[in-house]
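Biologist: Thanks for making time for this one. Could you take me through the model, one question after another?

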Amino acid sequence: MSETPNPDPDYETALRRAGVRITRPRRIILGILADAGDHPDAMEIFRRAVEIDRGISLSTVYRTMKLLEGIGAIHRHAFEGGPSRFEPAAGEHHDHLIDIDTGDVVEFQSDRIEQLQQEIARSLGYEIVHHRLELYGRRLRKQ
């Protein structure tokens, strides 16, 4: 298994192509998303944005995230019923391991898991068109 980093997304270009005007608050939010190495929720994006410009509103964050999701530039995840968290849609397929103690999200890719899913689907007479795998766990304690 290996972690799979996403390439730097160009959210601004994607929004412009969709006919969306890029305001200063949006540009700040887009920069935060592009630089995020984690899977932030809207409140965390808002906290980071306000550190840059106190005039940014939470509603601007939510509207921007909805726009990005609508054009397919980001994926929204609701891990274990928590707040929606976001990640770039660009990049290779990967799965997630969520640390139930810290909330950290670890991206990973496993050819063995992908192959097994294909085998199971075929044996049941199906073709997988989309899937999402989320594993929940806690770090093993050293003894």
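Biologist: Let's start with strands β3 and β4: in which sense do they pair, parallel or antiparallel?

Modeller: Happy to, and bear in mind that this is a predicted model. Strand β3 covers residues 95-99 and strand β4 covers residues 105-108. Four bridges link the two, and their sense is antiparallel.

Biologist: Which residue in the hairpin of β3 and β4 takes a positive phi?

Modeller: Five residues lie between the two strands of that hairpin. The one with a positive phi, near 85°, is Gly103.

Biologist: And which residue of β5 is the bridge partner of Leu97?

Modeller: Leu97 has a counterpart in β4, where it stands opposite Val106. Turning to β5, β3 pairs with that strand in the parallel sense over four bridges. The bridge partner of Leu97 there is Leu135.

Biologist: In what order do the three strands of the open sheet lie?

Modeller: β3 pairs with β4 in the antiparallel sense and with β5 in the parallel sense, and the pairing of the sheet is mixed. The edge strands, each pairing on one side only, are β4 and β5 (134-137). Neighbouring strands are turned against each other by 25° on average, direction ignored. The order is β4-β3-β5.

Biologist: How many helices and strands does the protein have, and in what order do they run?

Modeller: The count comes to five helices and five strands. From the N terminus on, the elements run α-α-α-α-β-β-β-β-α-β.

Biologist: Now the second largest pocket: which residues are closest to its centre?

Modeller: This pocket holds about 210 Å³ of space. β1 (74-77) and β2 each give at least two residues to its lining. Of the 15 lining residues, those closest to the centre are His75, Glu87, His93, His94 and His130.

Biologist: How many residues of that lining are polar?

Modeller: Split by class, the lining has three nonpolar and three charged residues. The polar ones number nine.

Biologist: Which element has the lowest mean pLDDT?

Modeller: The protein averages a pLDDT of 88, and 94% of the residues score at least 70. Helix α3 (residues 42-52) has the highest mean among the elements, at 96. The lowest, at 85, belongs to strand β2 (residues 85-88).

How values were computed. Residues are numbered from 1 along each chain as its sequence is written. This is a predicted model: local features need pLDDT of at least 70, side-chain atom pairs count only at pLDDT 80 or more; totals for chains, interfaces and linings use all residues. Side-chain values use heavy atoms; hydrogens and water are left out. pLDDT is the predictor's confidence in each residue, from 0 to 100. On a 1 Å grid over the protein atoms alone, a cavity is a set of points where a 1.4 Å probe fits but cannot get out, and a pocket is an open set with protein on both sides within 12 Å along at least five of seven lines; lining residues have an atom within 4 Å of a point. Grid points are joined across faces, edges and corners, and a volume is the space filled by probe spheres set on the points. Ala, Val, Leu, Ile, Met, Phe, Trp, Tyr, Cys and Pro count as nonpolar, Asp, Glu, Lys and Arg as charged, and the others, Gly among them, as polar. Two strands pair if DSSP finds at least two bridges between them. Axes are lines fitted to C-alpha atoms, for helices over the stretch in contact, and angles run from 0 to 180 degrees between N-to-C directions.
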